[in-house]
Amino acid sequence: MLWFQGNSLQLAKYSFRLILRNLSASKTALPVLTLFTKDPCPLCDEAKEVLEPYKNRFILQEVDITLPENSAWCERYKFDIPVFHLNGQFLMMHRVNISKLEKQLQKLEQQGA
């Protein structure tokens with residue numbers, strides 16, 4: 001039996017949803033790029049523009065950290081958005097690092113081939 005206290009429950013719920021999305025994404029063979037964001041977020045808007053040429057290589061999932069169900073992510077990333085996770089693993093924050101993104105996408109594509 002598992003139990004969670006405080007924000008751990010929120011992280012557990014998010015992780016479970018992410019696993020389900022990753023399972024459905026695996027059918028399409030596309031990784032999930034999660035963007036932790038809020039509204040307004042000019043840096044997030046800029047990041048999405050930078051990602052536009054790559055949009056056919058991943059599924060973009062946005063998580064609004066200001067929503068009550070995402071309070072654990074808000075506590076963790078409130079001063080660092082945009083933050084990106086690729087398939088549930090931290091990838092980058094503040095700005096899109098194209099070389100890092102490209103490297104990780106290639107690695108995942110090679111694993112899937």
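Predicted model: local features only at pLDDT ≥ 70, side-chain atom pairs only at ≥ 80, totals over all residues.
Colleague: Is Arg57 buried or exposed, and with what relative accessible area?

Modeller: Arg57 forms a salt bridge with Glu109 at 2.8 Å, N to O, and this pair joins the loop between α2 and β2 to helix α4 across 52 residues. Salt bridges with shared partners bring Arg57, Glu102 and Glu109 into one network. Glu109 is partly exposed at 40% relative accessibility, but because buried means under 20%, Arg57 falls into the buried class, with a relative accessible area of 18%.

Colleague: How many residues apart in sequence are the parts that Glu62 and Lys48 tie together?

Modeller: Glu62 and Lys48 form a salt bridge in which the closest N and O atoms are 3.4 Å apart. Glu62 counts as partly exposed at 43% relative accessibility, and Lys48 is partly exposed as well, with a relative accessible area of 26%. Since Glu62 lies in strand β2 and Lys48 in helix α2, the parts that the pair ties together are separated in sequence by 14 residues.

Colleague: Why is strand β1 described as largely enclosed by the rest of the structure?

Modeller: Both faces of β1 are covered, with Val32, Thr34 and Phe36 buried on one side and Leu33, Leu35 and Thr37 buried on the other. Strand β1 pairs with β2 (residues 59-64) in parallel over six bridges, and with β3 (residues 83-86) in the antiparallel sense over four bridges. The strand is therefore called largely enclosed on the count of its buried residues, which is six of the six in residues 32-37.

Colleague: What is the handedness of the β-α-β crossover from β1 to β2?

Modeller: Strands β1 and β2 run parallel and are joined by six bridges, with Val32 standing opposite Ile59 in β2. The chain passes from β1 through helix α2 (residues 42-51) to β2, and the crossover is right-handed.

Colleague: Which residue of β3 stands opposite Leu35?

Modeller: Leu35 is one of the buried residues of β1, and β1 pairs with β3 in the antiparallel sense over four bridges. The β3 residue opposite Leu35 is Phe84.

Notes. Residues numbered from 1 in each chain as written. Heavy atoms only, no water. Buried < 20%, exposed > 50% of the residue type's maximum accessible area, 1.4 Å probe, protein only. Helix = DSSP H or I, 4+ residues; strand = E, 2+ residues; numbered from the N terminus. Pairing = 2+ DSSP bridges. Right-handed = clockwise from strand over helix to strand, strands pointing away. Salt bridge = Lys/Arg side-chain N within 4 Å of Asp/Glu carboxyl O.
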